Amino acid sequence: PLFLLASFVLLAFPGPGRGTKTVLLFLTVPIMLLIALQCYQSRWGLLVGPIYIALAGVVVTQIWRLVPHTTTARSIAGVLLVVAGAWFVLPPAANVFGNAWRQYSSEKIAILPGQALHLLHRQMARAILDDANGESIVLLSSPNSSCILSALGGFRTVGTLYWENVNGLEAAAAALNAQSDQEGLDRTKKLGITHVSLMTWENFIEPYFNILHQKPKDGVTVKKSFAHRALFERTIPVWTRPLVFPPNPISKGLNQHVLLLRIAPKQSENEIRFHLARFVRHVEGKPEAAIPMLEKILESAPESSLARVEYAEILAGLGKFEQAVDELIRGLKDAEAPIREVYVANFTKGLLSAKQYKPLAKLLHEMVGREGTSPGLLVQAAWLLATLPDDEARDGAFALALLDKLDGSASGNADVLLARAAAHAAKGNYHAAIAALDESPFPRVASPDQKRIGEALKAAFQQGKPFVNQ
């Protein structure tokens with residue numbers, strides 16, 4: 001405004017020439033037009049900055065020409081010019097570079113809320129891309145989130161906040177504020193939407209509603225809107241599939257609730273129950289509430305391995321280890337070896353941590369040794385079964401049977417020899433246990449750490465005791 005006022009004064013002043021006044025008019029007219037457009041829509045103001053810079057260059061030089069050519073006048077004008085320049089330049093510069101410099105120069109880096117918000121959107125975009133698994137994505141979200149997610153994820157969005165996208169904004173407003181599940185489904189199908197992203201930051205649900213319904217209508221409220229019910233009341237429509245995007249340190253630090261949905265109108269009732277159960281467990285943090293949904297699935301589809309494994313994980317988390325192992329064994333009976341081994345490894349770690357040795361022994365008996373089991377898992381399972389602290393759970397015979405499944409090339413491996421020695425001792429054959437360490441390649445192939453373990457094993461064997469791995 002100050003530069004505009006100064007330009008009007010210069011236009012009325014006889015000092016500047018015609019060319020200068022023409023340039024001033026050429027710059028002030030677009031600025032006045034953009035200011036008028038900014039009153040209609042604020043984002044037009046983004047275009048004013050470069051023109052103001054050009055106007056400042058003309059106005060400052062013309063004012064300097066009008067200053068009397070005396071030392072005192074030029075000195076005073078120079079000081080005023082420096083002060084005015086600092087007043088205009090320093091605050092924006094501090095705003096742009098100050099935080100970045102403080103982060104760069106600080107030993108302990110703390111991200112700013114805006115930076116954290118973009119990191120959170122990056123995680124959301126990654127989750128959507130992973131769920132799509134290479135398929136085309138059309139996302140429905142709030143205006144600002146749409147811009148960020150589309151830039152980070154490289155997919156199409158509906159309703160980004162740009163003035164040339166009025167139709168998209170109207171479509172997004174209508175879809176997010178659909179007053180019934182059927183209306184919401186119809187609008188998302190019409191727009192080709194595949195995913196919906198909602199979060200408490202600038203969710204735009206209520207502003208959209210107020211734009212659409214400027215006059216009150218009976219039975220039409222923002223609380224009945226599809227997006228409001230989904231985000232704030234966790235009422236998930238049956239034609240959507242909630243993605244597992246649990247709260248993380250960034251979302252908690254920003255106090256943001258995030259809800260990601262996939263449009264899936266053709267899913268079965270059991271699919272709906274399964275994905276809701278996973279959502280309730282992982283996102284809402286209520287595993288007990290997921291149990292009835294999974295049990296309902298298993299009643300109608302006992303062969304559902306996904307539901308049974310999910311059920312087993314929840315039971316283990318609740319401390320029902322024996323039942324959890326039984327369910328896991330049933331769920332993985334037809335699983336391929338790589339998938340089976342991942343779950344066995346995870347459960348083994350949890351059972352060891354909880355000192356549940358008998359359920360662990362049962363799991364290893366049932367799941368290890370099947371066709372396709374990797375050599376690494378055979379050795380690990382043999383070692384565990386031979387060294388479990390529980391006398392009833394320890395099983396040297398089965399441990400030896402697992403090691404016998406290894407091919408001949410593994411016979412000289414130090415870990416295999418340690419496991420074989422521990423297995424012989426678990427059977428009570430201490431002579432064979434000591435021989436497995438002394439009369440084998442073990443002394444030559446073992447590392448220093450493995451040799452220390454070997455010495456501990458022999459010390460136990462010489463006392464007539466099996467080695468117990470605490």
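Predicted model: local features only at pLDDT ≥ 70, side-chain atom pairs only at ≥ 80, totals over all residues.
Biologist: Where is the place of Trp87?

Modeller: Trp87 is in helix H4, which covers residues 71-105.

Biologist: What makes the nonpolar surface patch?

Modeller: Leu2, Trp87, Phe88 and Val89 make it, with an area of about 440 Å². Helix H4 gives the largest share of the patch, three residues.

Biologist: Now to strand E3. Why is E3 called mostly covered?

Modeller: Five of the five residues in E3, residues 195-199, are buried. Buried means under 20% relative accessible area, so each of those five residues falls under that cut-off.

Biologist: How do you know that both faces of E3 are covered?

Modeller: In a regular strand, side chains alternate between the two faces of the sheet. On one side of E3 are His195, Ser197 and Met199, on the other Val196 and Leu198, and all are buried.

Biologist: How do you know that E3 pairs with strand E1?

Modeller: Pairing takes at least two bridges. E1 (residues 138-140) and E3 have two, so they count as paired, in the parallel sense. Here His195 is the bridge partner of Leu139.

Biologist: And in what sense do E3 and strand E5 pair?

Modeller: In the antiparallel sense, over five bridges, with E5 at residues 258-263. Ser197 stands opposite Leu260 in E5.

Definitions and conventions
Residues numbered from 1 in each chain as written. Heavy atoms only, no water. Buried < 20%, exposed > 50% of the residue type's maximum accessible area, 1.4 Å probe, protein only. Helix = DSSP H or I, 4+ residues; strand = E, 2+ residues; numbered from the N terminus. Patch = residues over 30% accessible without salt bridge, like charges linked within 9 Å, V, L, I, M, F, W, Y side chains within 5 Å. Areas by Shrake-Rupley, 256 points an atom, 1.4 Å probe, with all protein chains shown as cover. Salt bridge = Lys/Arg side-chain N within 4 Å of Asp/Glu carboxyl O.
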